[in-house]
Amino acid sequence: MREEQFWLLVSLKLSGEATAEDLAALDRLLEQHPEMGARLETLHDWWGHRSPSTPRLKKGAFQRHLRRLNESEHLPSRGPWRRRLYLLTAGVAACITAVLLFIHPRAPGTKIPQPVAQSTVSTKKGSKSKIQLPDGSQVWLNADSRITYNESFRGAAREVQLCGEAYFDVVKDRNHPFIIHTSTIDVLVLGTVLNVRSYSNETNTEAVLIHGSVQVTLRGHPEKKIILQPNDKLVVQNGKGVVVSGAGKAVSREADTSRVMRLGKVHFQERDSVATEVLWVKNKLAFDQESLENVALKIERWFNVKVVITNASLQHTEYSGVFEDESLPQVMEALRLTGNFHYTIHRREVTIRP
Amino acid sequence: MKAYKRLYELLSEGLYRFTYSMVRSAEVAEEIVSDVFIKVWQIRSKLSEIDNLRVYLYTIARNFSLNYLARNADSRVIGLDSLSSGFLVEGNSPAEIVISADLVNQMRRIIQQLPPQCRLIFQLVREEGLKYKEVAAILDISPFTVRNQMAIAIQKIGAAPLLKDIFSSLGTYD
């Protein structure tokens, strides 16, 4: 069992942040490792209890506060003061309602609230999937990816959360914008075809637009917006909110965001009318001047194998190529011919060495 | 008056715990909480425009605490990462629950030894019952950092030797 994954799921469960899928994954892990059950139960008990010994405000804190408030307002101590507080009441009452609503469901000792019913579709390594969303939009999900959306898919916006890579053909609906959330960027779509790639174990998140128009926002920087045109490719470094580069010529759309947002164009391989970035939808494994490190990640997901590169200097050598219906040995052999390395395939592990 | 007092009662203790764990002085923490509510008073006409009042007030408390720490630390720039680790609110009454006082103490020690930012995140999630998104807003970090730091905290707490013993002692009865 991957320890980190287990504790991540446990922490999500305790915090009430776990999705239905997280909880199912945790249950599966516990089935495999029943010895963790007792520990988890104790942790759960411990989590849910509050101590009477936590530091508390000393008695009379509110009165002392009122005196300080009074001083800060330079008010005489009696008459007008009271009237002012009454004025405040109406405004604050509304807020309190909001505060109560917010606090109440999470009061100490209550059960962790269940998340809204969500649908999750996920693919394992070595497999792909095509799904239709409730609004008719179609999504091709690449290997080792996951898409989550509200079951009803109603409300002001159609929102999906993506981990991994997916190709979207979004049904046009001006009144209900379609938003794709990833860990790094949010993509606002108005009816279009695009590919979004956001694997947590890769350095970059990429958005490629095929038709239509989309607006991309960087997570944590809602002011940084960029509009993509067809065949634009946006590359954002994961976890940084900094765009590193686009494939091909980088174009800056706006001077003031140029350091953060840089764009490039998608690449077309000869013979193919489809951009390299989305060839996977046509069941083609494609590399486009990609580092061996990235190539290895793609191969891992495509063939469900583990790829080990023994020598760091190999990781940044670049490869291009398109493969259709080729086996793992055929792909590796082709890469070896163009590159300068040796490899061995043993069971489900590929080792690449100089 | 009633409403203002009610708001104070609702939020002051949580804000105090949070502030206390940053400044570690009862007087200073009380003063900062008071400052936060003076701010509430000053902006009372705009309160209804605030999206999530609770997160907003925690954010103010955090800023006031960091300002205080900066003023009192030889003009060094203070970030959450450089807070010295120390007191943390601990949440259990051993008498109430099945787990032993020793185990609770062990967990408390582990929590105290967490890196400062990790400890604050843990406290806001567990003690104040805040959501990851809200903690991220308060501490001005990404929700994914909150998620990762929480996983790290729980992994460390889950590795408490006495917690492991629960299973091994059960095992020896077989």
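Two strands pair if DSSP finds at least two bridges between them. This is a predicted model, in which local features need pLDDT of at least 70 and side-chain atom pairs count only at pLDDT 80 or more, while totals for chains, interfaces and linings use all residues. Residues are numbered from 1 along each chain as its sequence is written, chains are lettered from A, and side-chain values use heavy atoms, without hydrogens and water.

**Sheet in chain A**
- β17(A) pairs with β18 (residues 349-353) of chain A in the antiparallel sense, over five bridges.
- Ile345(A) stands opposite Val350(A) in β18(A).

**Helix α3 in chain B**
- Helices are DSSP runs of H or I with at least four residues.
- Helix α3 (residues 53-71) of chain B has 19 residues.
- From first C-alpha to last, α3(B) reaches 27 Å, close to the 27 Å expected at 1.5 Å a residue (1.5 Å times one less than the number of residues).
- Buried residues (under 20% relative accessible area, 1.4 Å probe, protein chains only) of α3(B) include Leu53(B), Tyr58(B) and Leu69(B).

**Ser65(B)**
- Ser65(B), in helix α3 of chain B, counts as buried because its relative accessibility is 0%.
- Leaving aside neighbours within four places in sequence, Ser65(B) is in contact (heavy atoms within 4.5 Å) with Thr19(B), Met22(B), Val23(B) and Ile32(B).

Key:
Helices (H or I, at least four residues) and strands (E, at least two) are DSSP runs, numbered from the N terminus. Buried means under 20% relative accessible area, exposed over 50%, partly exposed in between (1.4 Å probe, protein chains only).
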